[in-house]
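Subject: Structure handover

Hello,

Here is the structure you will be working with. Please open it next to this email, as the notes below follow it.

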Amino acid sequence: MRPRLVVNLNSSYYPVFRLRKSTMEKDVTASQHKHWRTTQERVEKYISDNLFKDVNLRGKLYPKAKEVDRLFHWGLPLGEKTWEKWTFKNITMQDFKPIKAGMAYGPLWSTHWFKVEVNIPEDWVQQEVWLHWVSQGEAMLWSAKGEPLQGFSPGGVHLSPVKGANRTGAMEPDQSRTDYMLSSCWSGSQETQVFYIEMACCGMFGAGADGMISPPDEGSVFQLEAVEVSTRDKLVYKLLTDIDVLHDMTVSLGSNDPRAHQALYTSNHMINSIISGNYSQASQLADTFFTKRNGDLAHTVAMIGNCHIDSAWLWPYSETKRKCARSWSSTVQLLEEYPEMKFACSQAQQFSWVKLHYPELFDKICHLVKAKRFIPVGGTWVEMDGLIPSGESFMRQFLYGQLFFKREFGALCEEFWLPDTFGYSAQFPQICKSFGISRFLTQKMSWSLFNKFPHHNFLWEGLDGSTILAHFPPGDSYELRVRVKEAIRTVNNLQDKGRVSTSAFLYGHGDGGGGPTRNMLERSRRLRDVDGCPRMEHMSPSAFFERLEAEQHNLCRWVGELYLELHNGTYTSQARTKKQNRICEFSLRNTEILLAVVAVKGRMKKEELLSHQDNLHDAWEKVLLNQFHDVIPGTSIGLVYCDADRLYKEALASSEEVQRACCPFLFKDPEKKVGEMVVINTLPWPMRQVMVVKEEGKHEVKQSAGEGQYYVAVEAPGIGWSKLSTSLSPPQVTVSFSNNRYILENQYMKAQVNTFGQVESLILAGDSQDVFRREGTHVGQGNQLVLFDDVPLYWDAWDTMDYHLETGKVLNIKESGCEVNEVEVVQSGPLVVKLRWGLKITEVSSITQEIELSAVSPYLVFRCKVDWLESHKFLKVLFNTALLARTATFDSQFGFVERATHCNTSWDSAKFEVCGHKWADLSEPNLGMAVLNDCKYGWTARGSTLMLSLLRSPKAPDAKCDMGQHTFSYALMPHKGCRDKTRVQRCAYEFNNNLTLLSTSVSHDSEVWFSLVGSGAMIEAVKLAEDKSGDVVVRVYESLGATTSVRLKVPSQPQRVCLCNGLEEPLSDLSLEVGEGLMSTAKFVVMRHCKVLCECPSLCSQGK
């Protein structure tokens, strides 16, 4: 049947021909001319915020407006952080001076307060009334009673009714939040309205001098552009949103889609109706269009509001505390206005900040959490880096995070939420499972530069075989704006079409905060089920994952780490921060062991014991905060690292203070008054080491260390102590010079070092195989210092690109032209041999290195002191071996990972810079070489070559990143190949965890506190239980990827020993054999959390 031709005689100028079809809404009149561009741009201009505003619909939004009646200002003294010391009451008592809008304020990071007084005109009665605040700095609106009401965000187009739109940023118009509804229906009250506004002198993304990630411009000032009030026409706002969404559909669907034309003609007809004064007809046209539903098989987009706030990045920690309040107060307001909205929020640290500084806001959040509207997710203290923290740090992230959420909100998080970190450890599935989490969400893998990850939904299998359900939102962002193109891309980009029916859609401004906006939620109402766009449904994360779990039988499996093919310079940037993190991790581990032993011995009062436990908890929280995914990776501004340094120093000081407090209770012997030196070992195996002592003592073998000090060789039992007087007499270490090479030899190995500090030969004692020679032919050298150009494509502190490997220059060879101070002998045995040499890297940088071999050490140590003032250079140390190894092994959290040394595939090639912890290894079946380190994380393994990354020199966002002096050490260890991993792992722990000397009073020669009988397992932590019971938690993990049985011995007979989960909740009893200790079986990298319930007299006597 042919369509009927109808002449519309109601047109103002020309007849418009209208075709009636089943696919065309009968009340919609198509445009007269078939010209896509003119009609589409007509619609665009009619809602524009800066073009034709005098005649378009946008200009009708605020029919009445005026500037506020009175505006006053007071500047907070001093700068960053000082706001935390002022109460609202004290602020309102200050001498506020009258001002006018238009002035600029500074300096950067300072705080300025404004008092606003406004009288609403009588003729605004029964209308919506809005306050407009337009400034170039972030701000918070407070009531006169001191209640935080809403945040104001700069950026994008500011729409002030009196002064008009003013573009102060490059973001979309809805990036900014510049208005606050005073009333939805003004009562007509003539009472003066009083508000306070706190403005921070920083933008949403700091104040980069030449771009977002540039170092901050310290001369920045921030203008207060407008402070106004207005009415707002509700119908005009509705029509603006309607046309905006229709225009969005038109553009997103494109001219080949009939539904795009239907949207275009609907919006065009609406404009004609508005121009003719028929607003209600225009509104009905839109309402009718948005009732056209999807089919039953349409994909569902699960809308989850979020506000990703970096705990520090282009701003310091102190500003993040206010960002949380600004963003979350705005979110609370929207949750009250839009009952369908769900908001997911991570990072217990940020909740803790808000509770401390904004208790009224926190109370509102608690109410919304109970209503399951404001939903805590993630389960961690912060959204930490996913690669650099130790396994125990990961455990504490989840432990402290989950316990906070349980304590404050009565529930645990069900999802691991880490959308923006730079790679994901293969241990996450197991750790998540230990804390009751079986779901994981991120989007960062979409940033990979070389290969597109093949799944958006999959089962992720970790090192031990544990599996969790993983989801990557196909929109590839956590900052979606609820635009049609984003919803369509979510479906089109989905890698698992036909396998799942729902995908997460994370909307809300993030990184610098902001969160969802009213415009986003209004768009979501129009798009919840309209033909041409996926079905959009507000969901909680739990409801979304429940749908996904019902379809997980369709999903594929991914085994091992999630390696991000980008941002691999973060393994090296800000070297001091990484070093302090490693030091604090080991120090806190050691202190917790000592405190646990004190608790078991029962000599300390309960109050004192728990006080020390609290101090260690606080110290851990500081370390965990610095593990945020823009701090420890080295990608924040310099001011952040001033805060980080302070927090590390405080954490380390607390750890050392508790250690000192524990010592008298560990060794107290009331009958022995003469102090004696003891050696403490916190590793669970006997450990030998050459130490420096201040007194000569009665040692059979000793060596002068200069300045009245001596080297002695000592041994201490695993997690225990022995007297220093029982020192060792090991075979001597020697040094000789032959054929222009220094030969260092001890009972474990022989090494040859040339006059430029390179290792040319490395042989295990009693073996003829050489790490650097094959069949007597010289193949390679170790300890080659190599300097690379390091200029990324954009993300300076984040990225090192593959092409940097083409620019290497070996420094410590004659041909380099570098000024070299050749090797000299500074210690020649019998306990320590030490060589010293140095070179001038460039005119502004230099290195001094000591090469050391002790009589009891199976590895050769390189202690470095570097003065570093480079720009976009990368310093590495290279070991070019004669080994044939198809894979390299890297230390990781609670285990290790293996990666290819070849470039067979693009996936292999992309791993030109990878993350590893305390050691990396190249091995043949019977010969291998491990490189150990005390604070480095970046590695390259290609063919027979292994490189350790030492220092970078990016200039953004911190212009002084890594400038100055550095000290660090690495070591070269030959071993018996693939079968010798236990020895490598133990040596790496020893290299990072020296024996401790202490003067005390003891009556016997040694003591063992905790130990493992058997091999292939490690005691990673011995700590007091978080429930303050005085019970002890022992964390054991299997380290070789095998099934093993070990016996755990404890210092006294416990009441009970049980297996527990990561939350330290008992799961099942473990067998206890009197006099023999505890039998525990561990499988492939499985952590056993053993809770030892101890009869502690100091606790029991006080009513435990």
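**The largest cavity**

Ser390, Gly391, Phe586, Lys918 and Glu1020 lie nearest the centre of the largest cavity, which has 17 lining residues. This is a predicted model, in which local features need pLDDT of at least 70, side-chain atom pairs count only at pLDDT 80 or more, and totals for chains, interfaces and linings use all residues. Residues are numbered from 1 along each chain as its sequence is written, and side-chain values use heavy atoms, with hydrogens and water left out.

A cavity is a set of points, on a 1 Å grid over the protein atoms alone, where a 1.4 Å probe fits but cannot get out; a pocket is an open set with protein on both sides within 12 Å along at least five of seven lines; lining residues have an atom within 4 Å of a point. The largest cavity holds about 200 Å³ of space, a volume being the space filled by probe spheres set on the points, with grid points joined across faces, edges and corners.

Two or more lining residues come from each of α9 (391-409), α14 and β44 (887-892). Helices (H or I, at least four residues) and strands (E, at least two) are DSSP runs, numbered from the N terminus. α14 gives the most to this lining, with four residues.

**The largest pocket**

The largest pocket has a volume of about 1,500 Å³. Its lining has 50 residues, and Gln689, Glu990, Phe991, Asn993 and Asn994 lie nearest the centre. Among the elements that each supply at least two lining residues are α14 (575-601), β27 and α18 (981-992).

**A sheet of three strands**

β27 belongs to an open, antiparallel sheet with the order β27-β29-β28; two strands pair if DSSP finds at least two bridges between them. β27 (687-693) and β28 (703-706) are at the edges with a single partner strand each, so one side of each has no neighbour in the sheet. β28 is joined to β29 (residues 709-716) by three bridges, and Gln703 stands opposite Tyr711 in β29.

Regards
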